[in-house]
Amino acid sequence: MPALQESNAQKRKPEEVMEKPPLRSSTASIPISPYETSSSKAVTSSKSSSGPQQNAVVFSPELLRIYYDRLFPYEAMYDWLSYGVEKDFFNRREWSFTIQPTPEDEIYIRYQSFKDLEEFKSAVIKRQPNKIDIGAVFTHQPKDHNNLSKDVFHTEERELVFDIDLTDYDGVRTCCSGANICNKCWKYMNMAVKVMDEGLKTDFGFNNLVWFYSGRRGVHCWVCDESARTLSNDARSAVATYFELPLENEEKSLDLNTSLHPMLARSFGVLEPMFLDHLVGEEGMGLLSNQEQWVKLLKTLPEEARKAGIAAELDKEWTKRDVSPADKWKMLKSRIEKETKKEGAKKQRKFKGDESERLEMWPIETVFRHTYPRLDINVSKMQNHLLKSPFCVHPKTGRVCIPIDVSKIDSFDPFNVPTLPQIVSELESYAKENGESKNVPDWQKTSLKGSMQFFLKTFLNPMKNEQRKRRMEEKAKEEAFTGDF
Ligand SMILES: [Zn+2]
């Protein structure tokens, strides 16, 4: 289950299902300049020079109302989550809403379900959720779950999802901690997305997958192929575990085999250049940028190597002359290679057997320790785990959970993601310049345009075409079959 929003507001247990709609009226008037509202529930931004202005309102009920009235992509979400299958499929999907009927109260409502697009849209507009979560498709409509026994009411399918969050990188990032992020540590997300995206496509053959910015400090992946949606919980665990490395214990060796698993060998090829570009230098995490830092890294060499003086020799050399962080890494690697390479066996080798292997694998282990994806694996393991809906607005940052184009991930900047006040203001500017054009969808009048077009062109439309093609093929097969008799 997802965590509740961090808030001082009184929280109720997630399991609690509120049956009655919230008290807040859905007909409140909309102020002309909502981002200047003095609403008691408005959230203001507090940090980062690259983020919104200090104390600017980033989230308020008034802004959210405009977003849900005019910008949230209901049709696209309905199209996506219907997958072109039978009529009641959408109706059997669990939704959950986090609502805030008063500033002090936050309520989490599970087991919502909607029979069609209109019912979904009007529920969101009526309840104005601060957060929407998406759950599994059940055997029956989730809103009837209280009247059904557990043998009858259970999950049937669900997208395979992955959740990667920068808070899980606190052991390696030196710039920020907790909920804070900056452009330096965002690079960890680029690394994770590249490895996971490639692995899911190449090793598992998944096609229909899409990545989203989580709105604050992470990314979510939705794998939507039918073969992924119908995976059992055990199979989900197996896929998630396939990508897992035991990185949480910094003292413990990763025990990598010298004949590296092909997935890890490929990942190393992706990650080592990023390690050099973003982590070793001063402009990144500075792992090899000054003596204090490189001594810390050299201390992680296997004990035998340190005893043999490798660390001391390199430290002496790097102190004596100016070597760039990337060159330090090269020197370190070639020094290790010299000690461990097979031809060296003829000469006197300092390291034998296990010791040699440990040393040989140290550069790979080091790169993985600092760059390899750190998954919140529990999110992926269970069909009934909820995950925040794409296109939600994060209440703390005001940023929209937009899709991420993996082919352009290196230029994705979380601080450039459209915010609620920004897109509402863009709607107003558009109206001033062009009038209230009803022919142009509202999202096209704002900076959500690029994200929506990307989502439709590269994910939703190709997936719909695939579904259509498959249905036609099945129909043709059926006709041929009945024709034979
Ligand atoms: Zn940072």
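1. Start with the open sheet: four strands in the order β8-β10-β9-β12, paired antiparallel (strands are DSSP E runs of at least two residues, helices are H or I runs of at least four, both numbered from the N terminus; two strands pair if DSSP finds at least two bridges between them). β8 and β12 (403-404) sit at the edges with a single partner strand each, so one side of each has no neighbour in the sheet.

2. A quick word on the source: this is a predicted model, where local features need pLDDT of at least 70, side-chain atom pairs count only at pLDDT 80 or more, and totals for chains, interfaces and linings use all residues. Residues are numbered from 1 along each chain as its sequence is written.

3. Is β8 buried or exposed? Six of the six residues of β8 (160-165) are buried, so the strand is largely enclosed by the rest of the structure (buried means 20 or more other C-beta atoms within 10 Å of a residue's own, exposed 12 or fewer, partly exposed in between, with C-beta atoms placed from the backbone). Leu160, Phe162 and Ile164 are on one face, and Val161, Asp163 and Asp165 on the other.

4. Over in helix α1 (61-71), the buried residues are Glu62, Leu63, Leu64, Tyr67, Tyr68 and Leu71.

5. For the whole chain, count 15 helices and twelve strands. Of its 485 residues, 37% are buried.
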